[in-house]
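Please consider the sequence and the structure shown below. The explanation that follows takes up charged pairs and then nonpolar packing.

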Amino acid sequence: MMSINEPVLTEEESIFSRYIALAGNPLLPVTPGTCIGKALRLGHFHLSSEIGDEQENHILSHNYSIDFTTNKIYATSLGMLHIDNNKIVVRPILYPANDGMTVYADIYHKDFSGNSLLLSHYASALWQLNVNTPIDTARFTTAANKAVANGNPVRMVPICKGKPPIHEEQPAILPLLPERVLRTMQSPSDPINFKDRGFFAEVPAHTPVAVKVPAPEPSNGFDVYGNALPVMSPDDTENTTAEEKHLQIGKNLYGIMQHGGHTVYYSSCKGLLNVRNDILSITDVLHIDGDVNMKTGNVIVQRGSVHVTGSITAGFTVEAPQHVIVDGDIDQGSVSCGGDIFVSGAIIMNEASTITSKGSVYANHIHNADVVAAQNIITTGSIVNSELTAGKAIRTCTEKGTVLGSTLVAGSEINIAGAGGEHGTPPILIITNEAGAQRGVSTAAAETEEALTQSISKLDDWIKRSQEKELTGAMRQRADALLQKAKRIRKSIANKVTPQFTHPAHRVIIRGTVAAGTLVTMHGQTLTIEHPLPKLTMELENHKRAVKSQQATQS
């Protein structure tokens, strides 16, 4: 008859009883010297004759011995009964980590025979593993009490740890302020722009921005086996990851030593907190390494300029109170600044992007763009299907600077390499009438709108009067598209930047071919170029005479 205290084994656990007459509970660990029971089928045990060389002995280590006189099995180490390859073995419950810095253990409160499992049993097992670091008794006691309370073992408790070496390092410099300040929403219902990661905040002078923490004294370490781990010099630790690199102090910062060896660094002037190439500094030029994209988010500063070493990608915005410098392209991005915009590559835009400058805009090529500048717009390449508005002049500086299918509005001068072409729609060129800053923006906007209205009317008449042999189907479609674009410009022209200064010379210069259908408007009077011209230079007075002559001919 089964004793009341005898454990009831599950089907999986009862497999041991098929090959051994158990002397205890296989759900609990055996200790060295414990009689596990009497073997019923020796074929399911590792016999001493099966053990070969030392390597094989290590692989097939079974952690028990067999008395062949009585067939009784005695444990030789601390562990759990386990079946491995149809053989019964004692599996250890201590797990040294691969790096030799930690030994983990499964903590039980009872052993195979029902006796209390003591700290000394674990210490003896560690000695068998050649571990000579002491057990963390506090951690062991806490785990053992938890095992008693729950009736279940506590797995993977780190009971032994080595001491890692403290290597020679440079003092760490930690920033005290974030590079960016998050925007606050007006209300909880406001949508969140995932591209907006906040603006680069302005730092007042004499503001604490970083602290240098002295490095701890270097010391040797050891693993759980007692092996020494020597200190490495900084030369031996050069191959550190990017996360392990330390900041360095850059310009416009000064330090004050504190008690305890710390040094606090303050800004010596007003500027932007900038971290570039692991150097922290206060600067008026914020450097963005690479593209403005999902990694950077929108770049918005309240002081100084922005220098982007890559491109501004689709949907992202750069804002600065001074200049914006882009080494790559503005590819369907938006830029707004209070100074000049310098683009080494091209400006390529869509309907959702805008470029606004209170200074001038310089680019290599402008395509499908809406650009507004208070001063000048200058490009070394062509202008295609774009709407440009400049307070002073619009110029293309090379002979590649042809203008196709675009509307150019300038305050004093338009100087381009060519207008239209064999496969391009002729442009609309408008010089607004400036009467000085006192007339205000609204007056100039009204004059520009009037000029556009006349240009639209002239372009519409020219399309109707042209014969099929003179205007191919493709060119007719482009001309119609230009007409529609001019009408859209007229609706929004009031929001454009308009001239604020009086210039003595008002002129349109086309250095190369002028396509038929090109419209030249100056001071509200529009001249239609009826036939292709090799070039065109027109100032206000001869423009007025040409308009009168054309009106007389048409009448």
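**Charged pairs and nonpolar cores**

Glu413 is buried, with a relative accessible area of 6%. In this predicted model, the side chain of Glu413 forms a salt bridge with that of Arg395, at 2.8 Å from N to O. The two residues bring together distant parts of the chain, for they stand 18 residues apart, Glu413 in strand S41 (residues 413–416) and Arg395 in strand S38 (residues 393–396). Arg395 is partly exposed, at 31% relative accessibility. Salt bridges with shared partners extend the pair into one network of Arg395, Glu413 and Arg507.

The model contains seven salt bridges. Another of them joins the side chains of Asp106 and Arg155, at 3.5 Å from N to O. Here too distant parts of the chain are linked: Asp106 belongs to strand S8 (residues 102–107) and Arg155 to strand S9 (residues 154–161), 49 residues apart. Asp106 is buried at 4% relative accessibility, whereas Arg155 is exposed at 51%. In the salt bridge between Asp136 and Arg139, also 3.5 Å from N to O, Asp136 is partly exposed at 31% and Arg139 is partly exposed at 36%.

In soluble globular proteins, nonpolar side chains tend to be buried together. The largest nonpolar core of this model has 53 residues, and those touching the most other members are Val306, Ile330, Ile347, Ile355, Ile377 and Leu408. Beyond its neighbours within four places in sequence, Ile330 has contacts that include Ile312, Val335, Ile341 and Ile355. A separate core of 24 residues includes Val103, Ile107, Ala143 and Ala144.

Definitions and conventions: Residues numbered from 1 in each chain as written. Predicted model: local features only at pLDDT ≥ 70, side-chain atom pairs only at ≥ 80, totals over all residues. Heavy atoms only, no water. Core = buried A, V, L, I, M, F, W, Y, C linked by side-chain atoms within 4.5 Å. Buried < 20%, exposed > 50% of the residue type's maximum accessible area, 1.4 Å probe, protein only. Contact = heavy atoms within 4.5 Å. Salt bridge = Lys/Arg side-chain N within 4 Å of Asp/Glu carboxyl O. Helix = DSSP H or I, 4+ residues; strand = E, 2+ residues; numbered from the N terminus.
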